[in-house]
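Hello,

Here is the structure I promised to pass on.

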Amino acid sequence: MNITVIYGGKSGEHEVSQVSAASVARNINTQKHTITLISISKDGKWFLQPESELSRIQSDLNAHLTDEPSGTGITVIPAGGKEKGLCAVLADGSLKPIPTDVVLNVTHGTYGEDGLMQGLREMADLPYWGCDVTASAVSMDKEKTKVVWKEAGLPVVPWVTLRKHDDEANQAAIAQAEKEFGYPLFVKPCKAGSSVGASIAHNAAELKASVEEAFRWDTKILVEQCINAREIECSVTGYGDSPVTAYAVGEISTTGDHEFYDYEAKYIDPDGAKLKIPADLNDAEVAEIRKTAVRAFKVLDGSGFSRIDFFKEKTTGQVWLNELNTIPGFTSISMFPKLCEAAGTPYADVIELLIKQAIDRFTDMRSLATSR
């Protein structure tokens, strides 16, 4: 089977994607599949990577992929399908089809996890792993995710929404947050991942600075009640005859000067956080987390896979849904593959399962009538 791995992109998580994609590529069974690598630069240009790039990261377990311009661009052909949905643009301007049975988008964050890449795959008539356009777009927007979950009766952290250029409404929302939630307050962009642009404000001056920083990354941001909580995570997969399954439950605890699991703790500070699998929870608590994870995934019409993040309040034990990540980190130390492995499903087997589900969903969707 021909597998095309796409990574990088116009995102604050560009470098994380390079590491995740390298890990994914290493764990694809090359006895069964042929791998093609396509990189997307930070300014959005697509390049076909040479076979030597794949060989390089396969031979060095510590290497990550790069987005060096290869000189060979990529174009997407609407309705091109598996034979020519993706084509390399050669030096003379001619097109060379890239046979692709399944696309593995390992593009975290904006322009990759928010429905845009998924829509492009749909237009090209190509199978792709993970959530579809709607689930991806809604899940990327933290406010819309909260609205849907709250309507379904699922527990979400109280919040107010601020929008750029809406100063009067923002002032009222901030006053509401200060009155109803009190300090500290948690501020984050609606559609950025890996805690990019997120911070904790302990007073009005810090809140002003936090809002300004969050608005650097998005035109809509959230101000949430700051929960004194443990950070709990659960991996989920499922589609069709593969029922939605919640795997092991893990916990993340920050160390040092990190007030929360921020970008530095996740990716820069090697001692910034500790992962504990399984989480220190009793059987009933684990069952509650797993049941809620499955329901949260289904309510958003998730398919393929996701990592679902929770807060468990330290004083009361109250469980809150935080967010759903439709393309979670896939590095060798990322929670998603580790939680699956802890439940007895090795990394390589997870990839095979997700490839099967991608094809199953594609087959189902293409069997539907589109005209009378």
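Ser-41 sits in the loop between strand S2 (34-40) and strand S3 (46-48). Helices (H or I, at least four residues) and strands (E, at least two) are DSSP runs, numbered from the N terminus. This is a predicted model: local features need pLDDT of at least 70, side-chain atom pairs count only at pLDDT 80 or more, and totals for chains, interfaces and linings use all residues. Residues are numbered from 1 along each chain as its sequence is written, and side-chain values use heavy atoms, with hydrogens and water left out.

Is Ser-41 buried or exposed? Ser-41 is buried, with a relative accessible area of 9%. Buried means under 20% relative accessible area, exposed over 50%, and partly exposed in between (1.4 Å probe, protein chains only). Leaving aside neighbours within four places in sequence, Ser-41 is in contact with Gly-9, Lys-10, His-14 and Asp-67. Contact means heavy atoms within 4.5 Å. The side chains of Ser-41 and Asp-43 are joined by a polar contact of 2.3 Å. A polar contact is a pair of N or O atoms within 3.5 Å; within protein, one must be able to donate a hydrogen and the other to accept it, and residues adjacent in sequence count only if both atoms are side-chain atoms.

Arg-361 belongs to helix H12 (residues 347-366). Arg-361 is buried yet has no salt bridge. A salt bridge is a side-chain nitrogen of Lys or Arg within 4 Å of a carboxyl oxygen of Asp or Glu. For Arg-361, the nearest side chain of opposite charge is Glu-122, 5.0 Å away. Lys and Arg count as positive and Asp and Glu as negative; His and the chain ends are not counted. A polar atom of the Arg-361 side chain lies 3.1 Å from the backbone oxygen of Tyr-128. Not counting residues up to four places away in sequence, Arg-361 touches Tyr-128, Gly-130, Cys-131, Asp-132, Tyr-239 and Ser-303.

Gly-130 is in the loop between helix H4 (116-124) and helix H5 (133-140). Gly-130 is buried, at a relative accessible area of 7%. With residues up to four places away in sequence not counted, Gly-130 touches Ser-303, Gly-304, Phe-305 and Arg-361.

**Nonpolar cores**

The largest nonpolar core has 29 residues. A nonpolar core is a set of buried Ala, Val, Leu, Ile, Met, Phe, Trp, Tyr and Cys residues joined through side-chain atoms within 4.5 Å. Val-5, Val-24, Ile-28, Leu-37, Leu-104, Trp-129 and Phe-330 have the most contacts inside the largest core. Strand S1 (2-8), helix H1 (14-26), S2, helix H2 (51-59), strand S7 (102-106), helix H11 (335-342) and H12 each supply at least two residues of this core. Which element gives the largest share of this core? H12 does, with six residues.

Among the contacts of Trp-129, not counting residues up to four places away in sequence, are Val-24, Leu-104, Phe-330 and Leu-354. A second, separate core of 26 residues includes Ala-246, Val-249, Phe-310 and Leu-321.

**Strand S15 and its partners**

Ten of the ten residues of strand S15 are buried, so S15 is largely enclosed by the rest of the structure. S15 runs antiparallel to strand S12 (residues 229-239), joined by ten bridges. Two strands pair if DSSP finds at least two bridges between them.

**Backbone details**

A cis peptide bond joins Tyr-183 and Pro-184, with omega about 0°. Pro-184 is in the loop between helix H7 (167-180) and strand S9 (185-189). Another cis peptide bond joins Ile-277 and Pro-278, again with omega about 0°.

Ala-79 has a positive phi, near 60°, in a residue other than glycine. Ala-79 counts as exposed, at 61% relative accessibility. Asp-301 has a positive phi near 55°. Asp-301 lies in the loop between H10 and strand S15 (304-313), and is exposed at 56% relative accessible area.

Best regards
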